[in-house]
Amino acid sequence: MIRRALIIYCDNTQSGVLEGTIADNENYRWYLQTDLGGGWHDSEIKSLRNPTALKIKEAIANFLNGADYTFIIFSGHGCTGTETGAQYLEVSEGDILLFDLKTSARRQTIIMDACRGFHSFNNEILKGIDESSFLGSGASTRELFEQAVMSAEAGWSILFSADVDESAIDTAQGGGYLFSLIKAAEIWSEVDRRDLVLRLNMAHGFAKQYLSNHFYTTQNPIMIAERRRLYFPFGVKFVSIRG
C-alpha cells in the first residue's frame, strides 16, 4: 500500500501568530512514525510551513499523487464563508478551500484544527480485520495499520476541531484538538485490552472528552457523518502472546 501524509502548519499568516502549530507539526511527525501511529516512514511525511495555496496544490499533485491512502493535517487559522458556508483555511498570501485538499487517493483523511467563525468574502472566492491473525504472528503495527486502512470502505473522512461559528484553542502544546487526539490514542493503547485498531470515529469521541476535561474551551469538535461500516485507523497496537 502506498501511503502519504501532509502536515500543513501556519504559524504566521495574515490573522496573526499561532505558536501551537509548530508543536502540532512536531507532534504528528513523531506520532505517525511510532508503532501506535502506524509506523509511517519519514519519507512518507511532508511538512509545509506557511505555504501558499499554490505550494499546497503542488504537494497534492506531486507528493500525494498515486497514493492509496492520504492523511492531511491542517493547523492554523480558518473560517466559514458567510455566503457559501464553505470552509476556508488561511495560508500564506490568502486562503484555500478545504475541498482543495482532496486528493486522488480512494481513501483519505483530513483533520483540521482551525477556527470556523463566519467571515464574508463578498463572493470573491466563491471487509473486516481478523485481529486474531495478528496475535503472536510477528506482524508489525505498520502492516496492521495498512490492513485497517484497506478494510475500510473508500471515501473521504473529515474531522474538525470545532463546529461552525466556533473558535479553536491554541496552546504551547499544540492545537487543543490535535493534541487531544494523540493523548486519547495513548490512553487507549494502555487501557483497551480488546481492540487492536483505534478507528477515527472512536479516536474523535475520546479526544472530545479529553479536550473537555483538560482544556478551558467551549469548542465542539465534529466529524462529518458517513454511511460506512469501518472508519480509517488513527492508532493501532500489537499484542503478542508469550508461551
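This is a predicted model: local features need pLDDT of at least 70, side-chain atom pairs count only at pLDDT 80 or more; totals for chains, interfaces and linings use all residues.
Residues are numbered from 1 along each chain as its sequence is written, and side-chain values use heavy atoms, with hydrogens and water left out. Local features need pLDDT of at least 70 and side-chain atom pairs pLDDT 80 or more, while totals for chains, interfaces and linings use all residues.

**View 1. The largest cavity and its lining.** A cavity is a set of points, on a 1 Å grid over the protein atoms alone, where a 1.4 Å probe fits but cannot get out; lining residues have an atom within 4 Å of a point. The volume of the largest cavity is about 40 Å³, counted as the space filled by probe spheres set on the points, which are joined across faces, edges and corners. Its lining consists of Tyr31, Leu32, Gly37, Trp40, Phe71, Phe145, Pro233 and Phe234. Helix H1 (20–33) and strand S16 (233–236) are the elements that give two or more residues to this lining. Helices (H or I, at least four residues) and strands (E, at least two) are DSSP runs, numbered from the N terminus. Seven lining residues are nonpolar (Ala, Val, Leu, Ile, Met, Phe, Trp, Tyr, Cys or Pro), one is polar and none is charged (Asp, Glu, Lys or Arg); the others, Gly among them, count as polar.

**View 2. Asparagine 50, a residue with positive phi.** Asparagine 50 sits in the loop between strand S4 (45–49) and helix H2 (53–62). Its phi is about 50 degrees, although it is not a glycine. Most residues other than glycine have a negative phi.

**View 3. Glutamate 93 in a loop between two strands.** The loop joins strand S7 (87–91) and strand S8 (94–97). Phi of glutamate 93 is positive, near 70 degrees.

Notes: On a 1 Å grid over the protein atoms alone, a cavity is a set of points where a 1.4 Å probe fits but cannot get out, and a pocket is an open set with protein on both sides within 12 Å along at least five of seven lines; lining residues have an atom within 4 Å of a point.
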